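Please keep the sequence and the 3D view open while going through the points.

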Amino acid sequence: MKRLRSEFIASSTELELYYALWKLSNARRDRHLAVIPVEGGLEIPEPRCVSAPIQVLPDFTDLNNPAFFVASVGESSISLNLGDIIVGVNGRSIAGYVKEFTAWIRHSSPHGLYWQMAYGLPKQLSEVPHNLYSQDLHLRLERPSGDRYDVTLPYSDDCYGFGFQYSLAGFVEVMRRDNFNVFLDRGREIVLLQWLDFERDDLVKDIPALMDYAEREQILDWDMVIDVTYSSGGSGGAYVIQRLVDQPFRPTFGNVRLSDLGRERIHRYRDRTVDVDSPDIYGFNLSRSWLYEWARTDATEAIRRGDEYTESVPFKLAHLPKESDGILRPAPVHFTGQVAIINGSIWGGSHLDQFVAMFVDNDLATFLGMPTGGFSNTWEGEEVLYFPGTRRPVVEFMWSIGHTIRPNGEVLEGNPAQPDIYIPVTRQNYLDYQRILLDAAIDTLKP
């Protein structure tokens, strides 16, 4: 961050200062954190999505030599061949492009960097200086034969999207909920959970519905594949795991850095009272009474002592109180079969990072595919920045105010659980990638 000091001094317009703040934020390597406009603050471009009619994916064959390829195209770019490698972007070599654009990419891990870079390569992003783009997207590409060719693609206001083809031969959908979809292969007695989200209020409705169905259909002893490729974050992963495994396990822990924002957060919880309309359920302290009690006692004492961080406690004290042994037990009704987890993107992270780490660090599942994004923390806080000597706001600047501690004792940020079986996305396998992962996962479930 200190290396960027000269860019702030050199800023002569509000837009230049805005871009310098984005580079400052990104230098922390935390995908959670952003620069947010505020009323009366810097005049900046309206958020937009401008894209060329092409979708790009990273080829993860060699992380030390980043490669990107054409994954899908729009009608106006039919001259492009799927799978061709991009060797140049707007006159830059791909190595030069990676070097220049890394500073503009929010990411928490090398995998995450290249995933986000591929997503942004066909686009003009509002948090990136416009002069880094050309009027059109000029690409130099290489065919499998080694022959190279050039194309020019126009930008438009259409946001071009991409998703892996999802072949589920043998599986039949039996349930669709807000947080997940459920598929069954009755011949092989396998449950496939296509995980989508961790919204707490939905979980306490969705998970009981799943368990009621599993009990009624007598599938609690079936093996399970959990596909987290398209999942976002939230909370409550430990509550879910208690129903999916038959072994005790250690959940994630967390702490709070006792900065201004950290102390503010603790004071906020210290002064709250228990919501009598939020009864606790097995594995979930919905009333947050454990969290508020910790804020009034241990956390407040840490502030008085002048500690740098609070002691680590079970994550947000949502599943265990501070005085517990740090071990969660399976719920009374739970699955008992083997579990495999597959992940086919680096898009997801946050609570998804924790969900996967709890499985991997406790040896509860075989993890296949690619790591998650690695950007979990306890909380973030926002601070409005002001021009010196005035009350004129600049932007709202986000901070991470605590670490997530994996069950193995390591800090999670920038350090997601690694797959037991690493199967990277490549230009050779991406069209069948999701099925490759699913088949590989099913193979791990065989006796």
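**Notes on the predicted model**

1. Start with Ser350, which sits in the loop between S16 and H9. The model is a predicted one. Ser350 has a positive phi of about 60°, although Ser350 is not a glycine. Is Ser350 buried or exposed? Its relative accessible area is 17%, and the cut-off for buried is under 20%, so Ser350 counts as buried.

2. Now compare Gln218. This residue lies in the loop between H5 and S13. The relative accessibility of Gln218 is 66%. Exposed means over 50%, so Gln218 falls in that class.

3. Next, the helix pair H5 and H6. Helix H5 covers residues 200-217 and helix H6 covers residues 237-244. They pack at an angle of about 5°, and their axes are 11 Å apart. How do the two helices run relative to each other? Angles under 35 degrees count as roughly parallel, so H5 and H6 are roughly parallel to each other.

4. Look at the residues that make this contact. H5 brings Leu203, Val204, Ile207, Pro208, Leu210 and Met211. H6 brings Tyr239, Val240, Arg243 and Leu244. By class, the contact of H5 with H6 has nine nonpolar residues, no polar ones and one charged.

5. How many of its residues are buried? Eight of its eight residues are, and H6 is mostly covered. The buried residues are Gly237, Ala238, Tyr239, Val240, Ile241, Gln242, Arg243 and Leu244. What covers them includes H5 and H9. The cover also includes three strands: S12 (190-195), S13 (223-227) and S16 (339-343).

6. The largest pocket holds about 460 Å³ of space. Its lining has 29 residues, and the closest to its centre are Gly234, Ser235, Phe315, Lys316 and His351. Which element gives the most to this lining? Helix H9 (residues 351-361) does, with three residues. The lining of the largest pocket divides into ten nonpolar, 14 polar and five charged residues.

7. The second largest pocket has about 400 Å³ of space. It is lined by 19 residues, and Arg28, Arg257, Trp399, Ser400 and Ile401 are the closest to its centre. Helix H7 (260-270) and strand S19 (393-400) each supply at least two lining residues. The largest share comes from H7, with three residues. By class, the lining of the second largest pocket has five nonpolar, six polar and eight charged residues.

8. Lys23 is placed in helix H2 (residues 14-26). Is this lysine buried or exposed? Its relative accessibility is 15%, under the 20% cut-off, so Lys23 counts as buried. Apart from neighbours within four places in sequence, Lys23 is in contact with Leu4, Glu7, Ala103 and Trp104.

9. Two prolines in loops close the tour. Pro321 is in the loop between strand S15 (313-314) and S16. Its relative accessible area is 15%, and Pro321 is therefore buried. Leaving aside neighbours within four places in sequence, Pro321 is in contact with Trp290 and Pro314. Pro321 and His334 are 13 residues apart in sequence, and their C-alpha atoms are 22 Å apart in space.

10. The other proline is Pro144, in the loop between strand S8 (137-142) and strand S9 (148-153). Is Pro144 buried or exposed? With a relative accessible area of 68%, Pro144 is exposed. Not counting residues up to four places away in sequence, Pro144 touches Asp84 and Arg427. Pro144 and Phe69 are 75 residues apart in sequence, yet 11 Å apart in space, C-alpha to C-alpha.

How values were computed:
Residues are numbered from 1 along each chain as its sequence is written. This is a predicted model: local features need pLDDT of at least 70, side-chain atom pairs count only at pLDDT 80 or more; totals for chains, interfaces and linings use all residues. Side-chain values use heavy atoms; hydrogens and water are left out. On a 1 Å grid over the protein atoms alone, a cavity is a set of points where a 1.4 Å probe fits but cannot get out, and a pocket is an open set with protein on both sides within 12 Å along at least five of seven lines; lining residues have an atom within 4 Å of a point. Grid points are joined across faces, edges and corners, and a volume is the space filled by probe spheres set on the points. Helices (H or I, at least four residues) and strands (E, at least two) are DSSP runs, numbered from the N terminus. Ala, Val, Leu, Ile, Met, Phe, Trp, Tyr, Cys and Pro count as nonpolar, Asp, Glu, Lys and Arg as charged, and the others, Gly among them, as polar. Axes are lines fitted to C-alpha atoms, for helices over the stretch in contact, and angles run from 0 to 180 degrees between N-to-C directions. Angles under 35 degrees count as roughly parallel, over 145 as roughly antiparallel, 65 to 115 as roughly perpendicular and the rest as oblique. Contact means heavy atoms within 4.5 Å. Buried means under 20% relative accessible area, exposed over 50%, partly exposed in between (1.4 Å probe, protein chains only).
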